[in-house]
Amino acid sequence: PAPTAVAEYPALFSARPVWRVGFDHPAESVVGVSDVGFRRTNLALQSTIRMFQNGTSAGEFGLRYANPNLFAVATAIPAGVADGKVKATPASVRVYLIDGVTGAVVYQMTHPNAQPPVQLLLVENFLVYHFLNAKAQTFQLGLWELFHDDPATTSTTAPEAVVRS
């Protein structure tokens, strides 16, 4: 095999941790990560604004939160664990939306009675995922649509994301 640049010039390449995400429960384990490579291939945002139907003539609109640095992580929390203590709780799946540059958790949601497998897809400002509902013995689908918290937010400010699920 051909030598790689890292093998030929090890002093030129180095890595160091910049941020770390701590999960809420010590028993949480990662069971799924969104594919970040898919989103970065020549995909253009179809429209930056979305109109909502709210029954008024003016309507409301949302500015899509299309951050190319986002990725999603799904974790499994075993049954009997709650707030780091042993309790009578069902197994659950928690989905985190994380900014890959800052390490900030943009949003998270817990699904009780859920278990792996979890598949995640993040495209534009949509996160779609599915998981097994152990109580109902069926797969369920989650959909998050991400918007800026204030439509007047400009690119010079750090916006907060609002999730409509």
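Modeller: Let us start with V93, which is buried at 0% relative accessibility; buried means under 20% relative accessible area, exposed over 50%, and partly exposed in between, with a 1.4 Å probe and protein chains only.

Biologist: Before we go on, what kind of model is this?

Modeller: This is a predicted model, in which local features need pLDDT of at least 70, side-chain atom pairs count only at pLDDT 80 or more, and totals for chains, interfaces and linings use all residues. Residues are numbered from 1 along each chain as its sequence is written, and side-chain values use heavy atoms, with hydrogens and water left out.

Biologist: Where is V93 found?

Modeller: V93 belongs to strand 7. Strands (E, at least two residues) and helices (H or I, at least four residues) are DSSP runs, numbered from the N terminus.

Biologist: And which residues is V93 in contact with?

Modeller: Setting aside neighbours within four places in sequence, V93 is in contact with T75, M109, T110, H111, A114, Q115, P116 and V118. Contact means heavy atoms within 4.5 Å. The C-alpha atoms of V93 and A74 are separated by 6.7 Å, and the two residues are 19 apart along the chain.

Biologist: P116 is on that list. What joins P116 and P117?

Modeller: A cis peptide bond, with omega about 10°. P117 has its place in strand 9.

Biologist: Now the wider picture. How many helices and strands are there?

Modeller: The protein chain has 2 helices and 12 strands. Of its 165 residues, 32% are buried. The chain exposes about 10400 Å², of which carbon and sulfur atoms supply 57%; these areas come from the Shrake-Rupley method with a 1.4 Å probe, and for residues only the protein chains shown count as cover.

Biologist: What is the strand order in the open sheet of 4 strands?

Modeller: The order is 1-4-7-8, with antiparallel pairing. Two strands pair if DSSP finds at least two bridges between them. Strand 1 (29–33) and strand 8 (105–112) are the edge strands, each pairing on one side only.

Biologist: How many bridges join strand 4 to strand 7?

Modeller: There are 8 bridges, and the two strands run antiparallel. A74 stands opposite V95 in strand 7. Strand 1 also pairs with strand 4 (residues 70–77) in the antiparallel sense, over 4 bridges. There, V33 has V73 as its bridge partner, and V30 stands opposite T75.

Biologist: Why is strand 4 described as largely enclosed?

Modeller: Strand 4 is largely enclosed by the rest of the structure because 8 of its 8 residues are buried. Both of its faces are covered, with L70, A72, A74 and A76 on one side and F71, V73, T75 and I77 on the other. In a regular strand the side chains alternate between the two faces of the sheet.

Biologist: Which residues touch the most other members of the largest nonpolar core?

Modeller: They are V95, L97, L120, L127 and Y129, in a core of 16 residues. A nonpolar core is a set of buried Ala, Val, Leu, Ile, Met, Phe, Trp, Tyr and Cys residues joined through side-chain atoms within 4.5 Å. Strand 4, strand 7, strand 9 (114–123), strand 10 (126–133) and strand 11 (138–148) each supply at least two residues of this core, and its largest share, 4 residues, comes from strand 9. Apart from it lies another core, of 5 residues, including V21, F71, Y96 and I98.

Biologist: Turning to rings, how many aromatic pairs are there?

Modeller: A search of the whole structure finds 5. Rings of Phe, Tyr and Trp (its six-membered ring) pair if their centres lie within 6.5 Å; planes under 30 degrees apart count as stacked, over 60 as edge-to-face and the rest as tilted. F23 and Y96 form a tilted pair, 5.1 Å centre to centre, with 40° between the planes. This pair links distant parts of the chain, 73 residues apart.

Biologist: Lastly, what is the phi of N113?

Modeller: N113 has a positive phi of about 60° although it is not a glycine. N113 lies in the loop between strand 8 and strand 9 and is partly exposed, at 24% relative accessible area.
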